[in-house]
Amino acid sequence: MSKFVHSFLFAFVAMSVLLAACGTPATPAAPVATEAAATQAPSVTQAPAQPTALPAGSVQINGAGSTFQQPAMSDWAYAYPLIDPSVAINYQGVGSGAGKKNIIGNTVDFAGSDSVLSDQETTDGKDLQIFPILAGAVVMIYNIPELDPKGPVLVLDGKTLAGIYNATITKWNDPAIAALNPQIATKLPAKQITVVHRSDGSGTTEIFTNALTAFSADWTAGHGATVEWPADKAGSGIGGKGSQGVTAAVQNTPYAIGYVEYSFATANGLSFAQMVNKAGKTVTATPDSVKSAMNDFATAFTPALTAVIVNGGGDGTWPIAGYTYDIIHASSMTDCVKAQKMLEFFHWFLTDPSATKRATDLGFVPLPDAVLQQVNTALSKVTCNGQPVTIMTK
């Protein structure tokens, strides 16, 4: 068994498999390369591409799924061989829905997802264990040419945002939007709002539609990884695949609005709206405002280790926040060396200060101790060939 090391060794490790997983990174975190990898991801029936050769004694751990967590996962995958040179992590951002299909189909070792497992997915997967790894925000990006990019940003509230996606608020100079933006009200144009949403099954969509459901009783399209968008029926909605697709649609369509992950927005220099939260405070998406959302719902976890953390009541709470999860097989793994190495990787990124700092620098929020304890308890019950998987720590 290899020992788990908690300090980084600042030396280059030449591992061709890592290039296959993340591209050729110039720095430990390369947002553009991360999103490029997502656009080239395999289909839902494929495992991430295998390298042509692995160094002797190496273990490759394949993951696929959430684009929400991909910036953190790709950064960790780049750093982890400096911790354990025998391990290569290959993570592909194919979307939460595809990730869940892959873990159910046994074509990956773990899946990333921002949406929880449905009853049918739980049945089909037989022994799946889902657990949160980080929390993050979903933010609204927009394209209003009349607004000064260096001036005040757009402000929205939950009810108005639900109206926009319901296609009942259709113009940027609508009184509801103008009332929230007195500093820029005269610049808001009488232009049709184009509503952009994800076209693929997306955990980001689940977080966003959970929020819309909590914001307004008028939102009746429901919540989930996919929904039937009222704006599409009204002729004012368009879809984009992945965060990069939503971003491209917003940037290329004057008077459009769309939702993406905060980490993606910050990594790519995208402006996003502020929100008036449930407490009536105007807030900006930050790690602190997401942490406030986590604290609002600290006791809200289900037995399956999932929780909805939207529209919390704290003064500093960002209202569109969510956990991103990983999913593994809890009792049917048969490669016990790989199982051990995978759990050691999880233990590292969940608990090591260097790993959690890497995620924080990308805009994510690590798990609070109370949640982490529940995750550790669940992972301690994972077995391989009927035996507990014991990780080596130092």
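Residues are numbered from 1 along each chain as its sequence is written, and side-chain values rest on heavy atoms, with hydrogens and water left out. Because the model is predicted, local features need pLDDT of at least 70 and side-chain atom pairs count only at pLDDT 80 or more, while totals for chains, interfaces and linings use all residues. Helices (H or I, at least four residues) and strands (E, at least two) are DSSP runs, numbered from the N terminus.

Six of its six residues are buried, so β2 is largely enclosed by the rest of the structure; buried here means under 20% relative accessible area, exposed means over 50%, and partly exposed lies in between (1.4 Å probe, protein chains only). In a regular strand the side chains alternate between the two faces of the sheet. In β2 both faces are covered: Val-87, Ile-89 and Tyr-91 are buried on one side, and Ala-88, Asn-90 and Gln-92 are buried on the other. Strand β1 (residues 59-65) pairs with β2 in the parallel sense over six bridges, where pairing requires that DSSP finds at least two bridges between two strands. Within this pairing, Gln-60 stands opposite Ala-88 in β2. Together with helix α3 (residues 70-79), β1 and β2 make a right-handed β-α-β unit. A crossover is right-handed if, with the strands pointing away from the viewer, the path from the first strand over the helix to the second runs clockwise.

A polar atom of the Tyr-91 side chain lies 2.9 Å from the backbone oxygen of Ser-66. Such a polar contact is a pair of N or O atoms within 3.5 Å; within protein, one must be able to donate a hydrogen and the other to accept it, and residues adjacent in sequence count only if both atoms are side-chain atoms.

Tyr-91 also takes part in the aromatic pairing. The structure holds 21 aromatic pairs, where rings of Phe, Tyr and Trp (its six-membered ring) pair if their centres lie within 6.5 Å, and planes under 30 degrees apart count as stacked, over 60 as edge-to-face and the rest as tilted. Tyr-91 and Phe-110 form a stacked pair, 5.9 Å centre to centre with 20 degrees between the planes. Tyr-91 lies in β2 (residues 87-92) and Phe-110 in strand β3 (residues 110-113), so the pair ties together parts that are 19 residues apart in sequence. Both Tyr-91 and Phe-110 are buried. By contrast in geometry, the rings of Trp-219 and Trp-229 have their centres 6.1 Å apart and their planes at 55 degrees, so this pair is tilted. Trp-219 and Trp-229 both lie in the loop between α8 (203-215) and α9 (230-233), ten residues apart in sequence. Trp-219 is buried at 5% relative accessible area, and Trp-229 is buried at 5% as well.

Ring pairs also link Trp-76, Tyr-80, Tyr-91, Phe-110, Phe-131, Phe-345, Phe-346, Trp-348 and Phe-349 into a cluster. Ala-355, in helix α14 (residues 353-361), touches Trp-76, Trp-348 and Phe-349, not counting residues up to four places away in sequence; contact means heavy atoms within 4.5 Å. Ala-355 is buried, with a relative accessible area of 0%. Ala-355 and Trp-76 are 279 residues apart in sequence, yet 7.1 Å apart in space, C-alpha to C-alpha.

Elsewhere, Asn-277 occupies the loop between β9 (274-276) and β10 (282-283) and is buried at 6% relative accessible area. The Asn-277 side chain reaches the backbone nitrogen of Ala-279 at 3.0 Å and the backbone oxygen of Thr-317 at 3.0 Å. In helix α12 (residues 287-296), the buried residues are Ser-289, Val-290, Ser-292, Ala-293 and Met-294, and their cover includes β4 (128-142) and β11 (321-329).

Finally, a disulfide joins Cys-336 to Cys-384, S to S 2.1 Å; the term denotes a pair of cysteine sulfur atoms within 2.5 Å. Cys-336 lies in helix α13 (residues 336-351) and Cys-384 in strand β12 (residues 383-384), so the pair ties together parts that are 48 residues apart in sequence. The torsion about the S-S bond is about -95 degrees, so the disulfide is left-handed. Cys-336 is partly exposed at 33% relative accessible area, whereas Cys-384 is buried at 2%.
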